Amino acid sequence: MATTKTKAPQQTEDVQESALNELFVDELKDIYWAEKHLAKALPKMAKAASSDELRSAIENHLAETENHVTRLESAFESIGVKTAAVKCEAMAGLIKEGEEIVSETEKGSITRDAGIISAAQKIEHYEIASYGTLKTLAAVLGYNEAAELLDATL
């Protein structure tokens with residue numbers, strides 16, 4: 001009679017935690033790329049805005065984005081992983097969409113401003129979803145400092 005080997009419960013849990021940790025680090029690299037590229041895109045959006053209020057809101061978001069980048073660098077450090085960015089296809093697409101809106105609308109128009117607001121809201125919702133997931137993963141993995149940093153951004 002052949003015997004079937006099964007993994008001990010602890011081995012399975014270790015493998016699952018390792019995979020969860022890998023997902024967390026991958027997602028951290030993803031949002032780091034996203035924030036770095038958003039910081040490059042926001043000044044262009046601000047320049048394209050015709051409303052002073054919208055321009056000011058985008059400039060304020062740029063300052064917040066720079067703080068997000070700093071917190072992410074601290075989160076990497078807190079878990080002992082080298083800070084690295086991996087292209088975030090979602091953010092690349094959202095930024096491209098915003099650029100297309102600017103190029104396809106009339107300069108100085110309310111339509112362009114409305115389009116910029118629409119693009120910015122999509123970006124913000126993506127960030128909220130990403131940081132919420134990252135905060136939860138950090139907490140589950142016991143990365144308390146990283147969880148606090150991610151929560152501060154959220």
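**Exercise 1: the span of a helix**

Work out whether the end-to-end distance of α3 agrees with its number of residues. Keep in mind that this is a predicted model.

*Solution.* Start with the count: α3 has 16 residues.

**Exercise 2: the inside of α3**

List the residues of α3 that are buried.

*Solution.* You need one cut-off here: buried means under 20% relative accessible area. Go along α3 with that in hand, and you pick out M91, A92, L94, I95, G98, I101 and V102.

**Exercise 3: the largest nonpolar core**

Find out which elements build the largest nonpolar core, and which residues in it touch the most other members.

*Solution.* Take the elements to begin with: α1, α2, α3 (89–104), α4 and α5 each give two or more residues to this core. The largest share comes from α1, with 13 residues. Next, look among the 42 residues of the core for those touching the most other members: they are F24, L28, I58, M91, I116 and L150. Zoom in on L28 and skip residues up to four places away in sequence; what's left in contact is L72, F76, I79, L134 and L150.

**Exercise 4: two aromatic pairs**

Find the aromatic pairs, and say how the rings are placed and where they sit.

*Solution.* The count comes to 2 aromatic pairs. In one of them, F24 and Y143 are 5.6 Å apart centre to centre, with 35° between the planes, and the pair is tilted. F24 is in helix α1 (residues 9–48), while Y143 is in the loop between α4 (110–141) and α5 (144–153), 119 residues apart. F24 counts as buried because its relative accessibility is 0%, whereas Y143, at 22%, is partly exposed.

On to Y32 and F76: 5.8 Å centre to centre and 80° between the planes. Planes over 60 degrees apart count as edge-to-face, so this pair is edge-to-face. Y32 lies in helix α1 and F76 in helix α2 (residues 52–78), so the pair ties together parts 44 residues apart in sequence. Both Y32 and F76 are buried.

**Exercise 5: a serine in a loop**

Is S109 buried or exposed, and which backbone nitrogen lies 3.0 Å from a polar atom of its side chain?

*Solution.* Locate S109 in the loop between α3 and α4. Its relative accessible area is 14%, so S109 is buried.

Notes
Residues numbered from 1 in each chain as written. Predicted model: local features only at pLDDT ≥ 70, side-chain atom pairs only at ≥ 80, totals over all residues. Heavy atoms only, no water. Phe/Tyr/Trp six-rings, centres within 6.5 Å; stacked < 30°, edge-to-face > 60°. Helix = DSSP H or I, 4+ residues; strand = E, 2+ residues; numbered from the N terminus. Buried < 20%, exposed > 50% of the residue type's maximum accessible area, 1.4 Å probe, protein only. Core = buried A, V, L, I, M, F, W, Y, C linked by side-chain atoms within 4.5 Å. Contact = heavy atoms within 4.5 Å. Expected span 1.5 Å × (residues − 1).
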